[in-house]
Amino acid sequence: DDQYDVLIIGGGATGAGIAFDAATRSNLPSGLKVACIERGDFASETSSRSTKLIWAGIKYLASASAALLSWDLLTSPVTTVKDFYSEFSMVFNCHQERKYMMDKQQHLTNWVPIVCPFTEWNIWPPPFGHPIFSFFPVLAPAVFKFYDALSQFTCPPSYIMTKKEARTKFPQLSDQDIKYCAVFYEGQHNDARTNIAIAL
């Protein structure tokens, strides 16, 4: 016959996170009274089968930039700039969330290098359908440094890997005409253990 303020169905990362947030609401004397229902066990489904990566939104940064640099900027400048600001703010907040997780859960997280090999200096058709992105192989080092800056350079620094070094580390690229590789970092965590830590 117990009564609860909030009922949450699912004990995955999202459900456990909502339960934790509701139960610890600082604007209430004792938080909300929360019940969380799970048919199996915590992190027994999707929350144990993720990519394990804590992405900070580089894809969204690219798509937002493509939209900003489109004809929409001339035809609907206010809407286009607002959309870009909204997307950019989301990416910036993702960086802050990632930084928080990496700082507070060092026993559950680590940095992972993401290697982007380039076999040509110009990509066509261009990514995201925008001509400027056809020059991404040239722009990548600067883009990744900007990406580092969004985290206040708290992540390992992005860098350029030479053709020789890339072929040594990745023998499967030996038969490719590699120009160079750009390397940047994303966070990684043990998703199931993170879920359990939130639930407990």
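Visitor: In which helix is Asp191 found?
Guide: This is a predicted model, and the place of each residue is read from the helices and strands assigned to it. Asp191 belongs to the helix that covers residues 191–199, which is α7.

Visitor: Is Asp191 buried or exposed?
Guide: The cut-off for a buried residue is under 20% relative accessible area. Asp191 has a relative accessible area of 6%, so Asp191 counts as buried.

Visitor: Which residues does Asp191 touch, not counting residues up to four places away in sequence?
Guide: Contact here means heavy atoms within 4.5 Å. With residues up to four places away in sequence left out, the residues that Asp191 touches are Ser47, Ser48, Arg49, Ser50 and Lys52.

Visitor: What is the N to O distance in the salt bridge of Asp191 and Lys52, and how many residues apart are the two?
Guide: In general, side chains of opposite charge can pair when their charged atoms come close. The side chains of Asp191 and Lys52 meet in a salt bridge, with 3.0 Å from N to O. The pair links distant parts of the chain, since Asp191 is in helix α7 while Lys52 is in the loop between β2 (34–37) and β3 (53–54), and their separation is 139 residues.

Visitor: Is Lys52 buried, partly exposed or exposed?
Guide: Residues between the buried limit of 20% and the exposed limit of 50% count as partly exposed. Lys52 has a relative accessible area of 25%, and therefore Lys52 is partly exposed.

Visitor: Which residues are joined with Glu45 into one network of salt bridges?
Guide: A search of the whole structure finds 8 salt bridges, and among them is one between the side chains of Glu45 and Arg49, at 3.4 Å from N to O. Glu45 counts as partly exposed at 35% relative accessibility, whereas Arg49 counts as exposed at 58%. Another of the salt bridges joins Lys179 and Asp177, at 3.1 Å from N to O. Salt bridges that share partners make one network, in which Glu45 is joined with Arg39 and Arg49.

Visitor: Over the face of which ring does Lys59 lie?
Guide: Lysines are placed over ring faces at two sites described here: Lys33 lies over the face of Tyr4, at 5.2 Å from the ring centre. For Lys59 the distance from the ring centre is 5.0 Å, and the ring is that of Tyr60.

Visitor: How are the rings of Phe144 and Phe184 arranged, stacked or edge-to-face?
Guide: The structure holds 9 aromatic pairs. One of them is formed by Phe144 and Phe184, whose rings are 4.4 Å apart from centre to centre, with 20° between the planes. The pair links distant parts of the chain, with Phe144 in helix α5 and Phe184 in strand β6, 40 residues apart. Planes under 30 degrees apart define the arrangement, and the rings of Phe144 and Phe184 are stacked.

Visitor: Why is the pair of Tyr147 and Phe184 placed in its own class of arrangement, and what is that class?
Guide: Tyr147 is in helix α5 and Phe184 in strand β6, 37 residues apart. Tyr147 is buried, with a relative accessible area of 1%, and Phe184 is buried as well, with 3%. Because the ring centres of Tyr147 and Phe184 are 5.8 Å apart and their planes stand at 85°, the pair is edge-to-face.

Visitor: Against which elements do the buried residues of α2 pack?
Guide: Helix α2 covers residues 58–68, and its buried residues are Ile58, Leu61, Ala62, Ala64, Ala66 and Leu68. The elements against which these buried residues pack are α3 (72–75), α4 (77–104), α5 (136–150) and β6 (180–189).

Conventions. Residues are numbered from 1 along each chain as its sequence is written. This is a predicted model: local features need pLDDT of at least 70, side-chain atom pairs count only at pLDDT 80 or more; totals for chains, interfaces and linings use all residues. Side-chain values use heavy atoms; hydrogens and water are left out. Buried means under 20% relative accessible area, exposed over 50%, partly exposed in between (1.4 Å probe, protein chains only). Helices (H or I, at least four residues) and strands (E, at least two) are DSSP runs, numbered from the N terminus. Rings of Phe, Tyr and Trp (its six-membered ring) pair if their centres lie within 6.5 Å; planes under 30 degrees apart count as stacked, over 60 as edge-to-face and the rest as tilted. A charge sits over a ring if NZ of Lys or CZ of Arg is within 6 Å of the ring centre and within 35 degrees of the ring normal. A salt bridge is a side-chain nitrogen of Lys or Arg within 4 Å of a carboxyl oxygen of Asp or Glu.
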